[in-house]
Amino acid sequence: IRMGQMSVAQLEAALDVVERRDDNAAGRVIGNDEAIDALEQQVNHDVIRLIRRGPMATDLRVILAALRVASDIERIGDLAANIAKRSMALNLSPPLPHTRGLDALGRIAARQVRDVLDAYAARDGEAALRVRANDAELDKVFTGLFRELLTYMMEDARAITPCTHLLFMAKNLERIGDHATNIAENVWFLVHGEELMPPRDKRDESSTTVV
């Protein structure tokens, strides 16, 4: 949970440096990723220590879910750091209005991570299912921003480089939503001991977008 809280703080800080075009703050976000990595290593160490004690079947479920969740949180931290890195490259070009769309997408992703961490802490399978279902909203917003950026690039060749950075940053946010969904599915497994779930609604249409 502490890892997760740090990853959300990293994500929100990365969105803030994009908005403020602050290279120094972006550097701090990148550097802070090491603390999340260290916590993942601590979780792995704790898991090894617990397995040596010969845990019961229910304990193994807790352990397996914790390993999976920690891995997803570590990736969320990495993606937040990548957004901060891209922001430094983006700052070499004049400001673009599309950063507002990126911020809106990021706020949805951050909300998803916060909600799924609450579900994990409360062992609330139904809340986890709601997070899983809400990923469709994030996909829809991502697809809209993807189309908008492609159109802008076609209209103005000077915007190709900064818009490409924004596209990568938007994809990072979409992937953060996917990791929140993975955590939600592991919460369901933790609570119910079941991994089979119905297909979820996916609305990322960027791979088939034609401008």
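How much accessible surface does the chain have, and what percentage of it belongs to carbon and sulfur atoms? The accessible surface comes to about 10700 Å². Carbon and sulfur atoms account for 53% of that surface. These values come from a predicted model.

Start with the overall fold. The chain holds six helices and zero strands. Read along the sequence, the pattern is α-α-α-α-α-α. The C-alpha atoms fill a box of roughly 60 × 40 × 20 Å, taken along the principal axes. The radius of gyration is 18 Å. A compact globule with 211 residues would have a value near 17 Å, so the chain agrees with that expectation. Of the 211 residues, 45% count as buried.

Next come the contacts. Consider those between residues at least 6 apart in sequence. Of these, 85% join residues at least 24 apart.

Now turn to empty space. Rolling a probe the size of a water molecule over the atoms shows where such space is left. The largest pocket contains about 320 Å³ of space. Its lining has 16 residues. Ile1, Val43, Ala66, Ala70 and Tyr120 lie nearest the centre of this pocket. Which helices each supply at least two residues of the lining? They are helix H1 (2-20), helix H2 (23-51) and helix H3 (57-90). By class, the lining residues divide into 13 nonpolar, one polar and two charged.

Two loops deserve a look at their backbone angles. Most residues other than glycine have a negative phi. Arg21 has a phi near 55°, a positive value in a residue other than glycine. Where is Arg21 found? Arg21 sits in the loop between H1 and H2. Arg21 counts as partly exposed because its relative accessibility is 29%. Arg123 also has a positive phi, near 55°, and is likewise a residue other than glycine. The place of Arg123 is the loop between helix H4 (99-122) and helix H5 (125-155). With 39% relative accessibility, Arg123 counts as partly exposed.

Go back to helix H2, where Gly31 lies. The relative accessibility of Gly31 is 38%, so this glycine counts as partly exposed. Compare its position with that of Asp16. Gly31 and Asp16 are 15 residues apart in sequence. In space they are 16 Å apart, C-alpha to C-alpha.

Helix H4 holds Asp103. This aspartate has a relative accessible area of 22%, and therefore counts as partly exposed; the buried class stops under 20%. How far apart in space are Asp103 and Ala14? Their C-alpha atoms are 9.8 Å apart. In sequence, 89 residues separate Asp103 and Ala14.

Helix H6 (residues 160-192) comes next, with Thr164 as one of its residues. Thr164 has a relative accessible area of 27%, so Thr164 is partly exposed. The C-alpha atoms of Thr164 and Leu150 are separated by 8.8 Å. Along the chain, the two residues are 14 apart.

Leu166 also lies in helix H6. Is Leu166 buried or exposed? Leu166 is buried, because its relative accessible area is 2%. What does Leu166 touch, leaving aside its neighbours within four places in sequence? Leu166 is in contact with Leu90, Leu96, His98, Thr99, Leu102 and Leu149. Leu90 falls in the range of helix H3 (57-90). The C-alpha atoms of Leu166 and Arg68 are 29 Å apart in space. In sequence, Leu166 and Arg68 are 98 residues apart.

To recap, the chain has six helices and zero strands. The largest pocket has a lining with 13 nonpolar residues. Leu166 in helix H6 is buried.

Key:
Residues are numbered from 1 along each chain as its sequence is written. This is a predicted model: local features need pLDDT of at least 70, side-chain atom pairs count only at pLDDT 80 or more; totals for chains, interfaces and linings use all residues. Side-chain values use heavy atoms; hydrogens and water are left out. On a 1 Å grid over the protein atoms alone, a cavity is a set of points where a 1.4 Å probe fits but cannot get out, and a pocket is an open set with protein on both sides within 12 Å along at least five of seven lines; lining residues have an atom within 4 Å of a point. Grid points are joined across faces, edges and corners, and a volume is the space filled by probe spheres set on the points. Helices (H or I, at least four residues) and strands (E, at least two) are DSSP runs, numbered from the N terminus. Ala, Val, Leu, Ile, Met, Phe, Trp, Tyr, Cys and Pro count as nonpolar, Asp, Glu, Lys and Arg as charged, and the others, Gly among them, as polar. The radius of gyration is taken over C-alpha atoms; the globule rule is 2.2 Å times the number of residues to the power 0.38. Buried means under 20% relative accessible area, exposed over 50%, partly exposed in between (1.4 Å probe, protein chains only). Contact means heavy atoms within 4.5 Å. Accessible areas come from the Shrake-Rupley method with a 1.4 Å probe; for residues, only the protein chains shown count as cover.
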